[in-house]
Amino acid sequence: MRYIRLIGQFMRASALGELAYRVNFWLSLLHSLLNLGTGVLGVVVLFGQVDSVRGWDMAQTLTLLGVYLVVGALQALFIAPSLDALAGMEGEIHNGQFDFTLLRPVDAQFLASFRYWRPLALLDLALGLVVLAVALIRLGQTVSLTHLVTFLLMLSAGVLVLYAILLAFTALVFWHPGFFFTWVFNGLFQLARYPVDLYPGWLRLVLTWVVPVGIMTTAPAQALTGALSPGMLAASLALALAFLAGASALFRVGLRQYASVSS
């Protein structure tokens, strides 16, 4: 309960800071609409030429796009703000403010992961959910309770994998400030806009099990449409837990490498 109350306080403080400037809302809305527009336009143009691509039709691909927007919104809402503040340019590790984080009687990984939020990312989340709803209407099928639960499990697994990868990249900064490579992953995450089935076999394997952006978007979309196998569900959940454990271990090892700027 203590950590839940802390998250509530962090969210309120972040909202007060972000909403102090009205222009931020309009800029975020413009960015969200552009992001949505380019994504939908790409799908419309593609399926204006063909009826399906490797078994994916327009409605299924819109479902995946909705998942992509939702996952991206969750990243912008609570994963990226805290980790960027910790390890980004002029981050707390560089300027020494991380010393004060370590002095607080709260788990360092928790503080490093949930201290800053970006409430305006809720606009992206709302747009992603709208795309999902439109896609399901176009699919013309009823979402069963089993499919909904499976979808939520896969979405959680995808967000866990995303968090673990970004946490691992952040942990590398403890060894050297130049190891801040999250921009590399952000580039690879763009590949998650499309089903992994569209990529060549070797790249499909990489995007599913090595840099598993497919687990973040393709698998949840398949779960919602009932196309995900039980074996894939179990393997994805196991992979998410393994990534989380590995990233947490790497972060804690990295903490031992941290030298205070005042030492």
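The dialogue below takes a residue, a core and a helix pair in turn.

Analyst: This is a predicted model, in which local features need pLDDT of at least 70 and side-chain atom pairs count only at pLDDT 80 or more, while totals for chains, interfaces and linings use all residues. Residues are numbered from 1 along each chain as its sequence is written, and side-chain values use heavy atoms, with hydrogens and water left out.

User: Is Ser-113 buried or exposed?

Analyst: Buried means under 20% relative accessible area and exposed over 50%, with partly exposed in between (1.4 Å probe, protein chains only). Ser-113 has 1% relative accessibility, so Ser-113 counts as buried.

User: Which residues is Ser-113 in contact with?

Analyst: Contact means heavy atoms within 4.5 Å. Neighbours within four places in sequence aside, Ser-113 contacts Phe-78, Ser-82, Tyr-163 and Leu-167.

User: Which residues touch the most other members of the largest nonpolar core?

Analyst: A nonpolar core is a set of buried Ala, Val, Leu, Ile, Met, Phe, Trp, Tyr and Cys residues joined through side-chain atoms within 4.5 Å. Here the largest one has 74 residues, and Ile-79, Phe-185, Phe-189 and Met-216 touch the most other members. Helix α3 (residues 58-87) gives the most to this core, 16 residues; helices are DSSP runs (H or I, at least four residues), numbered from the N terminus.

User: How do α2 and α3 cross?

Analyst: Axes are lines fitted to C-alpha atoms over the stretch in contact, with angles from 0 to 180 degrees between N-to-C directions. The axes of α2 (residues 22-47) and α3 come within 10 Å and cross at roughly 160°. That makes the two helices roughly antiparallel, a word used for angles over 145 degrees. Residues making the contact include Gly-39 and Val-43 of α2 and Leu-62 and Leu-65 of α3.

Note on methods: Angles under 35 degrees count as roughly parallel, over 145 as roughly antiparallel, 65 to 115 as roughly perpendicular and the rest as oblique.
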